[in-house]
Amino acid sequence: MAADWFLSLLTCLLISINLHLSFSQDGDPASFIYSNSFALELISTKQNVTDLAKQYGFHLGSKHDYLNVYRLVHPDIPVSSKRKAHKFLERLKQDDRVKYILQLKQLLRHKKGSATSADQELSSMSNFSGYDAHHLQAQAMNWSRPIFTDPYFIDQWYLNNVGEIREDTPLNLNVIPLWEKNITGRGIRICVLDDGIDYTHPDIARNYDAEASTNLNGNFGDSDPMSDNTNPRNSHGTNCAGVVAAEANNSICGVGVAYDAKIGGIRMLDGIITDLLEAEALLFKPNYIDIYSASWGPVDDGIRMEGPGKYTKLALQMGVQQGRNGLGSIYIWSTGNGGARYDDCNADGYVGSIETVAVGSISDNGLKPDFLEECPSMFVVTPTGNKPFKPLKKGNKEKIQVVTTGLHGSCVENFGGTSAAAPLAAGCIALVLQAKFWLSRYS
């Protein structure tokens, strides 16, 4: 009898804990701020949303074509006010044209690691003098693999290491055999969902695809995804883009995994982030873009449990079911860097979503990095290194992270964490898609 009582109490306690920790776009209610944006669904798509918005004093922010949702903005409602928005919400709810209306909350989203500002100006557009030194180093090692003119290609151990660089750990993505068969990502379109993309960078410009890009942090109608390069923290999207599709053999920086793929960017992390904005990014041109790469999520503090909101969930579901003209959009997601703080990637509902491919990291020696979060949702890992440098006996520093593009035409050699893991995986999948298309066409 006592045992039955104890089991009943334990069951109730577990249910209570489970309900308390269940995923929500709200997370900790005390940490959220309301925006002055509203999600509006109409009874009929034939109704004139412009007239309705004008009647209640709203501006039309955008229209989500696939979800049939409008984003309205009210200039007289303070960003953090729920009380002042209440009267507008109640009036709209009574309007027989309105199916659903919701005041959107601001979401706190965290980039999963980035290059340090100290290394941002490692090289500039006019100063890529590293090639000669690296080429001589390759000759001295009797380098047997293809050598590009890109000065930091020899440092891209995760692409080309077969023992010549690191005899003890010949760890790499094994992409060179595909490149040798001319499988380089040609014809595949990848979009980086981040803080924008510096598409003028000389290592990105030729592969940049404006049709796969937009700006969700700007004014309505502004489609320019250019990063705000006055803030060094806004280099993250450009870092990710270079990992995927930096041009090869152009004597600049390094080489992207899928260096002939087309790369686009959506600027979405450099402003107010809402559930509807995330959904807009995930369903942006789903029949044009093949792969979406996201290296962000809830804060990696080991405390929060947060997942996609109503519209983001719908966007992911529609993307994998209907995107790529029925083949399904591919969503690549980084797992997170909170391992040292005992964070678990199961606490991230984007990583745990059945619609995403969750990507983690391994170090240069094939082991678990200090920062890596572990969870059953992690689908695959890519080699990104552990810490920026590994001291050698003579006091030199061997770089053991990822080479990529930075702001102001710079080249970066210390991009790491699972932020680098997701675009590496996106590039690999681009190669697979090109190979599959080639096989289906010529077999």
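**Helix H9 and the chain around it**

User: How many residues does helix H9 have, and what does it span?
Analyst: This is a predicted model. In it, H9 runs over residues 310–322, which makes 13 residues. From first C-alpha to last it reaches 18 Å, close to the 18 Å expected at 1.5 Å a residue.

User: Which residues of H9 are buried?
Analyst: Tyr 311, Thr 312, Ala 315, Leu 316, Met 318 and Gly 319.

User: And what covers those buried residues?
Analyst: The cover includes helix H8 (275–282). It also includes strands E1 (33–42), E3 (69–73), E4 (98–106), E11 (330–334) and E12 (356–362).

User: What happens just after H9?
Analyst: Arg 324 takes a positive phi there, about 50°.

User: Zooming out, how many helices and strands are in the chain?
Analyst: The chain has 10 helices and 17 strands.

User: What share of the chain is buried?
Analyst: Of the 443 residues, 54% are buried. The chain exposes about 20,400 Å², and carbon and sulfur atoms supply 54% of that area.

User: What about contacts across the sequence?
Analyst: Take contacts between residues at least 6 apart in sequence. Of these, 74% join residues at least 24 apart.

User: New topic. How many cavities of 30 Å³ or more turn up?
Analyst: One, from a search of the whole structure. The largest cavity has a volume of about 50 Å³.

User: Which residues line the largest cavity?
Analyst: Lys 112, Pro 298, Val 299, Asp 300, Arg 304, Asp 343, Asp 344, Cys 345, Ala 347, Asp 348 and Glu 373.

Key
Residues numbered from 1 in each chain as written. Predicted model: local features only at pLDDT ≥ 70, side-chain atom pairs only at ≥ 80, totals over all residues. Heavy atoms only, no water. Helix = DSSP H or I, 4+ residues; strand = E, 2+ residues; numbered from the N terminus. Expected span 1.5 Å × (residues − 1). Buried < 20%, exposed > 50% of the residue type's maximum accessible area, 1.4 Å probe, protein only. Contact = heavy atoms within 4.5 Å. Areas by Shrake-Rupley, 256 points an atom, 1.4 Å probe, with all protein chains shown as cover. 1 Å grid on protein atoms, 1.4 Å probe; cavity = no way out; pocket = protein on both sides within 12 Å on 5 of 7 lines; lining within 4 Å. Points joined across faces, edges and corners; volume = space filled by probe spheres on them.
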